[in-house]
Amino acid sequence: MSVNSRKKDLGTCQFCGEPIKEVRCGWGCFTPGCDALIYRDDRFFLKVLGRKVTRPEAVRLLMGDCIHMRDASVKGKPADIELSWGIKDDPRFRYGYFIKFIRGSKPNSDKDGTSAFDVLNGESS
Ligand SMILES: [Zn+2]
């Protein structure tokens, strides 16, 4: 497996097809009207997965790829998940994450007030 990662050419945005750029706060396309952006300290990653998003993950998500995470920790519970990112049918957020559980299950409650689980299980929408 060869890794050919050039900073100049991270990938292209799944929505507008423009190059994904790396900036101080994260990664995104910065095309007016598209503005797809994933922050380095992405709230969903921190709150749900308990860690920061990595550059390859952010780029793949922006490109519309699905990421299979084995042995992920979802709110402290072990699970295998497929994570993707895209336009949500929700007026509060323009873009959001979609989680498909391969092993493990969606935590049943939302005690800490995060709305991240609103977007889980993209199949239901
Ligand atoms: Zn874009």
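Colleague: Does Asp-35 count as buried, exposed or partly exposed, and why?

Modeller: Asp-35 counts as partly exposed, because 14 C-beta neighbours lie inside 10 Å. A residue is called buried at 20 or more such neighbours and exposed at 12 or fewer. Please note that this is a predicted model.

Colleague: Where is Asp-35 found?

Modeller: Asp-35 sits in the loop that links strand S2 (26-28) to strand S3 (37-39). Its phi is positive, about 50 degrees, although Asp-35 is not a glycine.

Colleague: What about Lys-75: where does that residue lie?

Modeller: Lys-75 lies in the loop between S4 and S5. Phi of Lys-75 is also positive, near 50 degrees, and this residue is again something other than glycine.

Colleague: Is Lys-75 buried, exposed or partly exposed?

Modeller: Lys-75 is partly exposed, because 18 other C-beta atoms are within 10 Å of its own.

Colleague: How many residues separate S4 and S5 in the hairpin?

Modeller: Two residues stand between S4 and S5 in that hairpin, and Lys-75 belongs to the turn. Strand S4 covers residues 67-74 and strand S5 covers residues 77-87. The pair is antiparallel, with six bridges. Within this pairing, Met-69 has Ile-81 of S5 as its bridge partner.

Colleague: How many bridges join S5 to strand S6?

Modeller: Eight bridges join them, and S5 and S6 run antiparallel. Strand S6 spans residues 95-103. Ser-84, for instance, has Phe-98 of S6 as its bridge partner.

Colleague: Changing topic, which pattern does the protein chain follow along the sequence?

Modeller: The pattern reads β-β-β-α-α-β-β-β. In total, the protein chain has two helices and six strands.

Colleague: What percentage of the residues is buried?

Modeller: Of the 125 residues in the protein chain, 25% are buried. As for contacts with a separation of 6 or more, 29% are between residues 24 or more positions apart.

Colleague: What is the mean pLDDT of the protein chain?

Modeller: The mean pLDDT is 83, and 79% of the residues reach 70 or more. Over residues 109-125, however, the pLDDT is below 50.

How values were computed. Residues are numbered from 1 along each chain as its sequence is written. This is a predicted model: local features need pLDDT of at least 70, side-chain atom pairs count only at pLDDT 80 or more; totals for chains, interfaces and linings use all residues. pLDDT is the predictor's confidence in each residue, from 0 to 100. Two residues are in contact if their C-beta atoms, placed from the backbone, lie within 7 Å. Two strands pair if DSSP finds at least two bridges between them. Helices (H or I, at least four residues) and strands (E, at least two) are DSSP runs, numbered from the N terminus.
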